[in-house]
Amino acid sequence: MKDTADGGARAGSRGSNLEDLRRQNLGAVLSLVHANRSITRAEITHATGLNRSTVATIVAELESLELVTVSQPVDTKRVGRPSTIVGPSERHIAVALNPDTDAITIGVVAMGGRVLREFRFDMEQSPSATQTVSTLKALLRGLELSHRGSVLGIGIAVPGLVGARDGIVRVAPHLDWRDEPLVEMVVTATGIPAWAANDATCGVVAEGQFGEGAGEENVVYLNGGSGGIGGGAIVGGQLLTGQGGFSGELGHTLVNSDGLRCHCGAVGCLETEVNRNDLLAAVGLETATNAQLEDRLRTLYLTDPNVTAVVDRQLEFLGIALRNFVNTFNPGIVVLGGFLASVRNATGGALQEAVEHSALPGPASEVRIVSSTLEDNLLIGAGELVFQAVLRDPTSVAVHDQSNERRPEPLAAG
Ligand SMILES: [Zn+2]
């Protein structure tokens, strides 16, 4: 991805004074380090077109802000002077929060899309917004004692529709939430800045930055969870957000006009026709991880007639949806996550073939259908919501640190 998760342009990009230019250069170099996780100073020089001494100055400033770490290469056999290696620091972190029907998951995410720690709180019933916030607050207190870094912000991946401007969860059907001012609740309870987005949006951001879609300009991501199917698209290097941030509800595209009624009120949505529970029932499992489901599908698809019929039916509807997405977005890559990856992996090239035979010749010839290999992509994507502001203006972390000093117990507020 080239640009920011909120679709905004990089601050100061048109600035004419030196201070704007400095921030812009700091942001450009930090973005490279963030995206590559590890990069040499020579590679930064090559990628930015800045001269070597300018890059050295910028890297030194990012190091003094504790945003990057600098190390010497181990391999000294290469010809020429070895170039210093620059990587993201773990000093400034994002806290990622993902409430779902059966658990609240909280991650500590460092720049470079690395989940340093992950905490899962299993829930008997799907959590309320208030429960979610109090769980977060309790964990942050413990985290403050164990992590010596600063929390830049809280990124929230919500299985529902989230307003981009106000952070209000309009509806999260599987959590039974409606009009929950989640971002405001989190900020009030913790005193820490927060951002929220649809969970699949977080997924596509992570896939585009660090996963199978890295380096791709046009990506469609489709994730199959126990609650349904979510998705998102990166078009021309930019996350497609739509007018209010609600873009990417790919699970609610029509694939079967004779289909079942969806919880959204429509009939024959992709997520009612292609669903995990039907697959589990067909292979005789009550609960299973996606890996277990995939194992069972690999064994039974094309050998057990009942399983084959159920899978073929789901492949047919998934193929219809993919055809529509490929014709609409002309992606270079379609990344499937969750149980959709299990179905793809267990059925060979069936989906790729279906798309090649049904989509229009131009877009059909250019697309690869792949499975996600990025673990924790929702947490990584939620972290990205936080890091975008720092990538725009790396000097903002200095202000953040000062405000923490003025407020000795930031996590106890509210
Ligand atoms: Zn629907």
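## Zinc site

The zinc ion has four protein donors, His252 (ND1), Cys262 (SG), Cys264 (SG) and Cys269 (SG), at 2.0 to 2.3 Å from it. Donors here are N, O and S atoms within 2.8 Å of the metal (3.2 Å for Na, K and Ca); water is not among the atoms, so sites may look incomplete. The angles among the 4 donor atoms run from 105 to 118°, and the site is tetrahedral; for four donors this term requires all angles to lie between 85 and 135 degrees. Along the sequence, the donor residues follow the spacing H-x9-C-x1-C-x4-C.

Cys269 is buried at 2% relative accessibility, whereas Cys264 is partly exposed at 43%. Buried means under 20% relative accessible area, exposed means over 50%, and partly exposed lies in between (1.4 Å probe, protein chains only).

## Model and chain

This is a predicted model, in which local features need pLDDT of at least 70 and side-chain atom pairs count only at pLDDT 80 or more, while totals for chains, interfaces and linings use all residues. Residues are numbered from 1 along each chain as its sequence is written, and side-chain values use heavy atoms, with hydrogens and water left out.

The chain contains 15 helices and 16 strands; these are DSSP runs, numbered from the N terminus (helices H or I, at least four residues; strands E, at least two). Of its 414 residues, 49% are buried. Contacts (heavy atoms within 4.5 Å) were counted between residues at least 6 apart in sequence, and 65% of these join residues at least 24 apart.

## Strands

In strand β15 (residues 333–338), 5 of the 6 residues are buried, so the strand is largely enclosed by the rest of the structure. β15 pairs in the parallel sense with strand β12 (residues 219–224) over 6 bridges, and Tyr221 has Val335 in β15 as its bridge partner. Pairing requires at least two bridges found by DSSP between the strands.

An open sheet of 3 strands, with antiparallel pairing, has the order β8-β9-β10. β8 (161–162) and β10 (177–180) are at the edges with a single partner strand each, so one side of each has no neighbour in the sheet. Between β8 and strand β9 (residues 169–172) there are 2 bridges, and Val162 has Val169 as its bridge partner in β9.

## Salt bridges

Side chains of opposite charge can pair when their charged atoms come close. The structure holds 12 salt bridges, each a side-chain nitrogen of Lys or Arg within 4 Å of a carboxyl oxygen of Asp or Glu. In one of them, Arg114 pairs with Glu90, with 3.1 Å between the closest N and O atoms. This pair links distant parts of the chain, 24 residues apart: Arg114 is in strand β6 (residues 114–122) and Glu90 in the loop between β3 (85–88) and β4 (92–99). Arg114 is partly exposed at 30%, as is Glu90 at 40%.

Arg313 and Glu273 also form a salt bridge (3.3 Å, N to O). Arg313 lies in helix α10 (residues 305–329) and Glu273 in helix α7 (residues 270–273), 40 residues apart. Glu273 is buried at 2% relative accessible area, while Arg313 is partly exposed at 40%. Salt bridges with shared partners join Glu19, Arg22, Arg23, Glu61 and Asp393 into one network.

Notes
Four donors count as tetrahedral if all angles lie between 85 and 135 degrees; four count as square planar and six as octahedral if opposite donors are over 155 degrees apart and all others between 65 and 115; anything else is irregular.
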